[in-house]
Amino acid sequence: MKMFSVSHKTVFVVDHCPYMAESSRQQVECDILTKSRGQGVIPLAPISKSLWTCAVECSMEYCRILYDVYPAGKLVNYIVSDSEFHSLNTWRQEEQSTHELMSALAAVGPPNPQEDPECCSILHGLVAAVESLCSITEYQHESRTTLMETAERVANRGRIICLTNAKSDTHVRMLEDCVQETIQEQNKLAAGSDRLMPIQQCELVLVHVYPQGDDTLVSDRSKKEISSVLISEVHSVRAGRHLASKLNMLVQHHFDLASTTITNIPMKEEQHANTSANYDVELLHHRDAHIEFIKSGDLHMAGSTSRDSGLKETVTLKWCTPRTNSVGMDNNELHYCTGAFRMSPVDVNSRPSSCLTNFLLNGRSVLLEQPRKSGSKVISHMLSSHGGEIFLHVLNSTRSTLEDPPSISEGCGGRVTDYRITDFGEFMRENRLTPFPESSSRDSAGKTPSERAKAQLERHTRYWPMIISQTTIFNMQAVVPLANLIVKESLTEEDVLTCQKTVYNLVDMERKNDPLPISTVGSRGKGPKRDEQYRIMWNELETLVKTHVNTSERHQRVLECISACRSKPAEEEDRKKRGRKREDKEDKAEKNGKDEEKSWQDSDRLKWAQDKEDQTESEIIKDSPDSPEPLNKKPRLTEEVQVPEKSKGPVSLLSMWTSRITTANSRKHQEFAGRITSVNNKAELYQNLKDENGMDTHENGKATR
Amino acid sequence: MPTVVLMDASLSMTRPVSLEGSEDFQRKNLAVHGLTMLFEHMATNYKLEFTALVAFSSLWELMVPFTRDYNTLQETLNNLEDFDKTCLEAALQGVSNVMQQEWGSGCPCQVVLVTDGSLGIGRGSLRHSLQTLKQRRDDKKFPLPFPFPSKLFIMCIANAEELQETDAMDNLEQLISLNEGDGQIFTMEGPLCLKSVQSMFGKLIDQAYSPFHAVLHCGNLSSDVQVFPRPEPMILDEEVDPIPKAVQTDLEIVGFIEIGDIASPPVISRHLVLPIAVNKEVDEVGTGNTDDVDEESSANQMAGKSPNFCVLLHGSLKVEGMVALVQLGPEWYGMLYSQADSKKKSNLMMSLFEPGPDPLPWLGKIAQLGPTSDAAENPYGEDDSKSPFPLQPKTKRSYAQNVTVWIKASGLQTDVQKILRNARKLPEKTQTFYKELNRLRKAALAFGFWELLKGVAELLERECTMLPDSAHPDAAFQLSHAAQQLRLASTGDSQQAAFDHNITPMLTDFSSGGDRM
């Protein structure tokens, strides 16, 4: 259904004139005496509803169904007419609820039979209804403002449902003419206003309500075009249940609804709790839930039957008792669902209906089966509630075009057996989503929550080896605290301390010569020696932390800590490493061919691709055997960097990095106390370490012994 | 998206194509040549497509039911016999039946009609069908538009000029518009020869059968993938603000959600996500796959051995019972999950949600979903015992809020009986008694049903007189108090008739004193 179809706006105009106080003459026995108490008691005389009561409760039922199926975007304006009109609500979404309307109706009360019938007329209400249709809804307003120049595409259509007691067919003609004239007048007015819109199409549904036992003075008439704008139809209905079923049909017709009857619902008997009988419950929902039946012309085959009203059909579906008894179990299955539609029970407070809805509201789902005379059983629908709303899900019951696909293990990467499945599962849990209220939608950087979620994924995957044999640090329990913290957007002092502790712990392990979980896959013999293992581990740890070094000064400090704690002076280490790594890689290349090489490069590229600004630098310091030693190239920032003691040999990776970062950072903060007090630009860092661990000190990132 | 090839096997297809210096070709040979090219393309680049072959003349026959076995299709095509005149309407009805029997009426389908453009004469001709379009009874409706979403491609073994000489082109165009504009007419350019038929089918392949390649991203992790079947572009909101939507070639994961939380959401289509090797040459249409089969298979083996993100993702989604929410374009989302078929083979699958900012009411706006680490406390609880989903709607539905409906007499009777039952158990049931009484009072006031208020007041007074001697004295006080209040409400104008006013229990010495004792 289009957003601004005739059904976007519905005006109820209900007659509140004295004659509506007349009895409907449908009697209700509300005093049911049980046998044991019946003796000697005079039962209460049956009571009967007035025409007004019938009209109000049936129109409320119409609204109840409408609001259940369309909680937003389908609006009702309820108008009561006597000597003047009373509008009980507006088009605003907040005023769209049966509770709101009932409260307003209570204030109006039943019609006053003593009022002068001459002053009262339904016409007041009809005129007000046309005016109301001209006034713009918040949806139309929003659509028009977002569309700007194509705003004229927003249509203004609506429907008037008038419940009245007309005197004759001529009287009905008079009402139609009045609506037609008012539309013309109002459209002229609306053309010149911002808050009003001319009516392009209006459907008038006149329902003549008369007491039981009377002969009708008004004849039914199907849809007739009064003018290019106005289409009118007339229904002549007896008050009471006839009116109720008429309005039930109208709401289905007006809002594209269809009916499904759930059959075979087992339910405990009220009197005998240990026996159960089967019940049926009828539901209304958008007719697209039956689209498969409608298209295939299967409506009758699917067990559809005509109901007492004889006009509308219902599709019967059979209840399938859920397999498991525990709540939640049956929710962990992902069904192939092609549609989900809100529903409303026809008989909302009957016992079978409320049993069914309560069962669903408690979190259970029910599969529904097409009753077939023969053949296998076909599950075609499912009832399930989400947040207190029950949906009829349409399940696909035909053959899938995706059957028998190649298994994922036969495709790319399918032969690899040591994926970090559990670790990635953990990663997914950490990156689960949660809703945020729209008020707090954007953070200081103007990012929506979902953009922040993506940013978090980016941070968490800067260094994320996919297979166990590609990583050492992620196989070590000891690294976990640091690995979990370093990916955070901001670190607290405490976090930094935890990271540092992790590093000291690793240093400790190295000193004790603890074995590391280095993969021996792809290497000859027993694998690398212990000190080589630690070197690989430290390198990997550095790689991880370096990808986050630009996040904050505290992240930077974690890197500094690692660099400071590594057992070997960086420069010497670096040179050795390059030599060895080249050998390593040659071995690997022989074994795994070009792909391996490629993935190495890829992962290198990945590490550095984060910061485009830094790309030139990253080229220089790229730790790859294919790139030449970047000795001759000067860093871009040379003029600001104090190149440390060039004479002592080539600039090390660490010193370049540190000086670059130092420069960058020095622009952002006050000068460190240490540097201010330094002599010749040299200050002793990590003096505490020296005291505690007997480690070497480093100056400006360059080792001195 | 299954394909039905509808092949014209009428006699006119055997008309020779006059060409100097070449062998004698019939139009049928050209058609077979074109289809062979299509089948070869599909066998290499689109192997998961199901294709059926229907031949037609005055009758139609399903030559090959839906299959992925392109050899069978090819063989049957090669051995196709010639029949009598063209009768397209019956053949299209046949396609409709074949499709619905196999796939139901919701599955989108592509129909490739191959014809020479001579569309029959007299009864059963397309011209006749189209002329009588409006004089049909319900059971004899023209098969177009098909009940399922479809694209109709008409491959004419004729050139445009030839078709325009007769009304064939007009008729075919009318056919496309009958199918709600979904489809296209292809004609041959230049002389009718193998080369031009190749170029015509080449265009069809480019338009309808080129594989959809994309890159799946999860932060810095990524994988090249083929999405099968191709996600088709669509148009959102056709009335007010038509926005064409197409799936982007960068699929970005936003985050992860438990299967229980996403709760079998409605989807518009499902697609396999197959990781592919980054070797670009393999993707080229119909080339380079003849000589080095060995090399290709070894390349495949190699690709099998290098880690791929899709495999990792699939494994973890399966183990954890989760889905990945993936962004397909501006305000369009889908989900990735592990799908196992009956043979226990499983695969990475992607389902597309309805385009729009909030496709699922129980998740809310997708742009408002953020990382749990941003929340003040973990919404899933420290021990994973909670979930922030589903989102609660602002207002409750009628079935969740104990509404009062008296349309059927039984509804009213039940409510009155409930009050009387509780009235007999006063003072123990004081709270429930007044709760039910107030519910009835509110509804009666709203419906202007004052007579009911008086009636129930009368009933309560009667109950009062019928109290047994053993009854608690409070019961009589409460009953007459309630009855009096109802009568007051039924007079309308007083403050007692206000909708939001509630009748409260009468404060008696018994109730407070009784409690203490």
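This is a predicted model: local features need pLDDT of at least 70, side-chain atom pairs count only at pLDDT 80 or more; totals for chains, interfaces and linings use all residues.

Biologist: How many helices and strands does chain A have?

Modeller: There are 20 helices and 20 strands in chain A.

Biologist: And what share of chain A counts as buried?

Modeller: 49% of its 705 residues.

Biologist: Switching to chain B. What's the strand order in the open sheet of six?

Modeller: The order is β5-β4-β1-β6-β7-β8 in chain B, and the pairing is mixed. β5 (60-67) and β8 (183-188) of chain B are the edge strands; each has a single partner strand, so one side of each has no neighbour in the sheet. On average, neighbouring strands of this sheet are turned by 15° against each other, ignoring direction.

Biologist: Do β1 and β4 of chain B pair in the parallel or the antiparallel sense?

Modeller: Parallel, over six bridges, with β1 covering residues 3-8 and β4 covering residues 51-56 of chain B. To pick out one bridge, Thr3(B) is partnered with Thr51(B) in β4(B).

Biologist: Which strands does helix α1 of chain B lie across?

Modeller: Helix α1 (residues 27-45) of chain B lies across β1, β4, β6 (109-115), β7 (150-159) and β8 of chain B. Relative to β1(B), the helix runs at about 165°.

Biologist: OK, salt bridges. How many over all chains?

Modeller: The count is 45. One of them joins Lys28(B) and Asp82(B), at 2.9 Å from N to O. Lys28(B) sits in helix α1 of chain B and Asp82(B) in the loop between α2 (70-78) and α3 (88-103) of chain B, so the pair ties together parts 54 residues apart in sequence.

Biologist: Is Lys28(B) buried or exposed?

Modeller: Lys28(B) is buried, at 13% relative accessible area, whereas Asp82(B) is partly exposed at 36%.

Biologist: What about Arg15(B), which residue does it bridge to?

Modeller: Arg15(B) forms a salt bridge with Asp116(B), and the closest N and O atoms are 2.9 Å apart. That pair links distant parts of the chain, 101 residues apart: Arg15(B) is in the loop between β1 and β2 (16-17), and Asp116(B) is in the loop between β6 and α4 (126-131) of chain B. Arg15(B) is partly exposed at 31%, while Asp116(B) counts as buried at 1%.

Biologist: Back to chain A. Which residue does Glu489(A) pair with?

Modeller: With Arg452(A), where the closest N and O atoms are 3.3 Å apart.

Biologist: Why does Arg452(A) count as buried?

Modeller: Because its relative accessibility is 16%, and buried means under 20%. Glu489(A) has 41%, which makes it partly exposed.

Biologist: Last one, Asn349(A). Where is it?

Modeller: Asn349(A) is in the loop between β14 (337-345) and α9 (351-361) of chain A. Leaving aside neighbours within four places in sequence, Asn349(A) is in contact with Val403(B), Thr404(B) and Val405(B). A polar atom of the Asn349(A) side chain lies 3.2 Å from the backbone oxygen of Val405(B).

Terms used: Residues are numbered from 1 along each chain as its sequence is written. Chains are lettered from A and ligands numbered from 1 in the order in which they are written. Side-chain values use heavy atoms; hydrogens and water are left out. Helices (H or I, at least four residues) and strands (E, at least two) are DSSP runs, numbered from the N terminus. Buried means under 20% relative accessible area, exposed over 50%, partly exposed in between (1.4 Å probe, protein chains only). Contact means heavy atoms within 4.5 Å. A polar contact is a pair of N or O atoms within 3.5 Å; within protein, one must be able to donate a hydrogen and the other to accept it, and residues adjacent in sequence count only if both atoms are side-chain atoms. Two strands pair if DSSP finds at least two bridges between them. Axes are lines fitted to C-alpha atoms, for helices over the stretch in contact, and angles run from 0 to 180 degrees between N-to-C directions. A salt bridge is a side-chain nitrogen of Lys or Arg within 4 Å of a carboxyl oxygen of Asp or Glu.
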